[in-house]
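Keep the viewer open as you read.

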Amino acid sequence: MSNSDPKTRPRPGPWPPAPEGSAMPASSWAKRTGFRPKFSGETNASDSGQISLPPRQREPDAQPDLEAGRVRQVPAVNGEPEGEKALPPPPQPSDKDQSVKKRRDSDGVPKSSGHGANGQAPASALPADPPPQSRRPVRNEEVVDVLPQNVDDDGLVNRHSHMKYELRDTPGLVPIGLYGFQHYLSMLGSLILIPLVIVPAMGGTHEDTANVLSTVLFVSGVTTLLHTSFGSRLPLIQGPSFIYLAPALAIINSPEFRGLNGNNFKHIMKELQGAIIIGSAFQAILGYSGLMSLISRLINPVVVSPTIAAVGLSFYSYGFPLVGTCLEIGAVQILLVVTFSLYLRKISIFGHRVFLIYAVPLGLAITWAAAFLLTEAGAYSYKGCDIHVPASNIISEHCRKHVSRMKHCRVDTSHALKSSPWFRFPYPLQWGTPVFTWKMAIVMCVVSIIASVDSVGSYHASSLLVASRPPTPGVLSRGIGLEGLSSVLAGLWGTGTGSTTLTENVHTIAVTKMGSRRAVELGACIFIVLSLVGKVGGFIASIPEVMVAALLCFMWAMLAALGLSNLRYSEAGSSRNIIIVGLSLFFSLSVPAYFQQYGISPNSNLSVPSYFQPYIVASHGPFRSSYGGLNYVLNTLLSLHMVVAFLVAVILDNTVPGSRGERGVYVWSNPEVARREPAIAKDYGLPFRISRVFRWVKWVGL
């Protein structure tokens, strides 16, 4: 009975035909991606595996139409489509959108240049096609949204309705200074936790940990300034990513580093530096050569999601086992962070959701203070026991029983704060000349590809929040290339890991509602100044190990969730995507477990702690050919959860048939459109007219 063809459908009344301005453009997001709406009358599943929604009563308010990129009118109460009646007047813009639209108009951007699905520009901003026949909505039509149009205020909602400051906003020195410092402070856990794990694993002292922490703060500030100026130009903080943690631990626990005489820390650090420098140079070539634009065609949300989730899930053996060494402090730390970030997240103080933004620093400060009071009160003091006496020299059974508890629960076991100088300038090659080993370099080259995959998802998600459009493929390549150069600097300075975009940055932008590039740059300058104060690194290095493990439990859980959240750009209910993600996650845990457990007898006495045993696979893995270096590379790479997840996901997603809408293919801005729109040029264009000098390099710019 319902016919959507306007030429053949009889009109029930003498209403005038709809004007041509309401016609649906042919070059819409739906036709470009192959997305097809699901009708409520269907009783079977579609060929993509998406289950159709059952019929239901709908409220008579406007619903967004993904195909048209605008609001679609729902059927009237009497069953007649609303589009056949007199058209209502166009909606007036709300007051809260006026400030955004003023700047949009000043940039020469059409007022209708909002985001479409998956960041695609609306049809009005695309090249005009011949006007198609007008289409009217079918009765009881149910469109399944690929992207959430209105989500919780803690999620990624429409940029125009919730961002306080966008990419190029500069509200003033004091506001951007406060917001920039807040941005970095909310990311503090990601910046400081990796050195607190790898330096003790290398045999470094608390003073070495303090020096590496100061170096990390310095390099993070410098590389963030470089990235916001000459990289993607998005407000993304560069720092030590958790992606580099597992391969760093695998290198640290290599067989050749056991039984070293002298300073183990400096020797292993120089090996790490050499591997990071070569792997980062490979990433820079990948970006600036334009190869990243080709590889990005294989990287979609279905690939990014399990790859990043596997990074967080892979450290389960380190988290709570170490928390259990002092359960009353570690468990309280976890409960506080969870309470602040979930149960108290709606509470605002002076207009800021303090508990949500500063969940990690607040939880750390409260737990640290409680542990300090317990230590001073003598709760962890046992008569006749000294924590500085080696365990092998302890004769008393009473002390043997309590020495582990004293080591992990007391807060005065570290002398890093007292021994740290007030001023220390981190300089390159401070640990010595890097040592280059080809087998470790190959491992880091593969890891740099995983880091690039992570950055692709971060670029797209952050651009939907703060920028006028997603970046072009050239800007994407430029950002990856600069991340490679930033990691080279991190290798020269000796941070122990590469420098890349922190995945948690997108969540921080959505929560703080601050996307100003200037604020992030000013925050980077503040951290560079703080890195020169040696006492800052010494203070952070004195955090008890059990608190570090408790914070990592939260951070890794967040990382796994942020990885899975990339599925919102695809049809998450598709059976195709469900199977691919499920297989990727399962094999990312099961295959490395096979490699890590191969050749180890249950009663073997290993020289490393239990939580580092998964990273000694290079010496006992199943690959045992006559080429020792090849054995090292294969055993190490296939024991890394993120590598297995990436291989499974990228092969399945690019070989199993599926429409672009179902796969959620990332939509990047068209270079020709980007050059014509002033807003995109101002968002991503290089400063100081540098782009004119490199205009011939078309694959790394607008």
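**A tour of the helices and the core**

Start with H7 and H17, which are roughly antiparallel to each other (the label applies to angles over 145 degrees; under 35 is roughly parallel, 65 to 115 roughly perpendicular, and the rest oblique). Helices here are DSSP runs of H or I with at least four residues, strands are runs of E with at least two, and both are numbered from the N terminus. H7 covers residues 245–252, and its axis comes within 10 Å of that of H17, crossing at roughly 170°. The axes are lines fitted to C-alpha atoms, for helices over the stretch in contact, with angles from 0 to 180 degrees between N-to-C directions.

Before going on, a word on where this comes from: it is a predicted model, where local features need pLDDT of at least 70, side-chain atom pairs count only at pLDDT 80 or more, and totals for chains, interfaces and linings use all residues. Residues are numbered from 1 along each chain as its sequence is written, and side-chain values use heavy atoms, with hydrogens and water left out.

Back to the pair. On the H7 side, Pro247, Ala248 and Ile251 meet Met440, Val443, Met444 and Val447 of H17, where contact means heavy atoms within 4.5 Å. Sorted by class, this contact has seven nonpolar residues and no polar or charged ones. For the classes, Ala, Val, Leu, Ile, Met, Phe, Trp, Tyr, Cys and Pro are nonpolar, Asp, Glu, Lys and Arg are charged, and the others, Gly among them, are polar.

Now compare H4 (residues 173–186) with H19 (residues 504–512): they pack at about 135°, axes 10 Å apart. That makes H4 oblique to H19. Here Tyr179, Gln182, His183 and Ser186 of H4 meet Asn505, Thr508, Ile509 and Thr512 of H19. This contact divides into two nonpolar, six polar and no charged residues.

How enclosed is H19? Eight of its nine residues are buried, so the rest of the structure largely encloses it (buried means under 20% relative accessible area, exposed over 50%, partly exposed in between, with a 1.4 Å probe and protein chains only). Among the buried ones are Glu504, Val506 and Ala510.

Zoom out to the core. The largest nonpolar core holds 129 residues, and Met202, Phe242, Leu245, Tyr318 and Ile543 touch the most other members. Such a core is a set of buried Ala, Val, Leu, Ile, Met, Phe, Trp, Tyr and Cys residues joined through side-chain atoms within 4.5 Å. H17 (residues 438–466) gives the most to this core, 13 residues. Leaving aside neighbours within four places in sequence, Met202 is in contact with Ile252, Asn264, Phe265, Ile268, Met269 and Leu272. Another core lies apart, with six residues, including Ala309 and Ile580.

Two loop residues are worth a click. Arg233 sits between H6 (206–230) and strand E3 (238–240); its phi is near 70°, positive in a residue other than glycine. At 6% relative accessibility, Arg233 counts as buried. Leu429, in the loop between H16 (416–419) and H17, also isn't a glycine and has a positive phi of about 60°. At 39% relative accessibility, Leu429 counts as partly exposed.
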